[in-house]
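Let's take a walk through this protein together, one piece at a time. Keep the picture open as you read and find each part as it comes up.

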Amino acid sequence: MCARSYVTERNSMKRIIHFKMNLDAVLYSTRYVPLESAQSFILKILPQMGWGKSEGDDVILDVGCGPGGTTRHLILSLFSSSSKIFAVDSIPDMIALARKHNSCSQIEYRVANIEDWSVLERWKNQITKVVSILCFHWLKDQQKAFRNVYHLLRKEGEAAFFFALRSTFHASVLDMQNSSRWSHLFNGVENYVPESQFKGYADSYYKKMLEEMGFEVLYCQSVEKIDVFSSEKEYRGFSRLPFAFGMKALSCETRPPASARLFQYTSRP
């Protein structure tokens, strides 16, 4: 049985929602440093699990690397100079931006979907550590993704996942989707609100799922986190991103009021 470290995170703050997985990577990369809750997971929780102490030649897979800032500036610091990181994202523009702005001899960026085994098979039983930051709550088939991770890991390999179970942002998206004024914007559009948002999954649900797959779960905890933005302007920009690149059918005239409405929803006490 392989040893695995695993964390789920229930985050009460706002998250970017991308409707067609067709993101504008340039806009998405304006804040390469992740929210405080994600930084805490990488820099505090993972070292407590023993990550960062190995001097061996690890082969790491970063799932959902986006434009690569988190991979290069935070995840890379946990491993020795002889380690290799494969950083993958399903969106080609993200990988192009990562290669342009966050290139590093230890990191190889590739387009790959963690739900698609055909593009992952090359790494079967080759990865010593898998890490995924704020990615798994966007996936349509989490079980398939977790199963693929299991098959990628070497014996005694480890995996760590940080993702949202529920958030006020996702709740606000659902509120807008059910609103008579905004519901038409969601017609035929996948909202990518995680199943855990409306089914109320607890950490025990994921612990059981992974154990049934063969993982040894070392750590699995759901905690409430609040990410603080430095100003209202910063958060307005953060909450505006979905409307800037997620819904191409949204007219320029509609974007500002839609974004403002989302801000009002997510700012409610």
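Let's begin with S6, H5 and S7, which together form a right-handed β-α-β unit. This is a predicted model, so keep that in mind as you look around. The two strands of the unit, S6 and S7, run parallel and are joined by 6 bridges.

S6 and S7 belong to an open sheet of 5 strands with parallel pairing, in the order S5-S4-S3-S6-S7. Which strands stand at the edges? They are S5 (107-111) and S7 (153-162); each has a single partner strand, so one side of each has no neighbour in the sheet. As you step from one strand to the next, the twist averages 20°.

Elsewhere in the sheet, S3 (residues 59-63) pairs with S4 (residues 84-89) in the parallel sense, over 5 bridges. For example, Val-59 has Lys-84 in S4 as its bridge partner. Helix H2 (residues 36-48) packs on the sheet too, where it touches S6 (127-133) and S7. The direction of H2 makes about 145° with that of S7.

You'll find Leu-134 in the loop between S6 and H5. Is Leu-134 buried or exposed? It is buried, with a relative accessible area of 18%, and the cut-off for buried is under 20%.

Next, let's look inside. In soluble globular proteins, nonpolar side chains tend to be buried together. Here, the largest nonpolar core has 31 residues, and the ones touching the most other members are Leu-61, Phe-136, Phe-146 and Val-149. Several elements each supply at least two residues of this core: S3, S4, S6, H5 (142-152), S7, helix H8 (203-213) and strand S8 (215-217). Take Leu-61 as your guide: leaving aside neighbours within four places in sequence, its contacts include Phe-86, Val-88, Trp-123, Ile-127 and Leu-152. There is also a second, separate core of 24 residues, and among them are Ile-42, Trp-51, Leu-78 and Tyr-109.

Finally, how confident is the predictor in all this? The protein chain has a mean pLDDT of 78, and 71% of its residues reach 70 or more. Confidence is highest in S5, at 98, and lowest in strand S2 (residues 10-11), at a mean of 36. Over residues 1-23 the pLDDT is below 50, yet this stretch has 145 contacts in the model beyond near neighbours in sequence. Residues 240-256 also stay under 50, and there the model has 35 contacts beyond four places in sequence.

Terms used. Residues are numbered from 1 along each chain as its sequence is written. This is a predicted model: local features need pLDDT of at least 70, side-chain atom pairs count only at pLDDT 80 or more; totals for chains, interfaces and linings use all residues. Side-chain values use heavy atoms; hydrogens and water are left out. Two strands pair if DSSP finds at least two bridges between them. Helices (H or I, at least four residues) and strands (E, at least two) are DSSP runs, numbered from the N terminus. Axes are lines fitted to C-alpha atoms, for helices over the stretch in contact, and angles run from 0 to 180 degrees between N-to-C directions. Contact means heavy atoms within 4.5 Å. A nonpolar core is a set of buried Ala, Val, Leu, Ile, Met, Phe, Trp, Tyr and Cys residues joined through side-chain atoms within 4.5 Å. Buried means under 20% relative accessible area, exposed over 50%, partly exposed in between (1.4 Å probe, protein chains only). A crossover is right-handed if, with the strands pointing away from the viewer, the path from the first strand over the helix to the second runs clockwise. pLDDT is the predictor's confidence in each residue, from 0 to 100.
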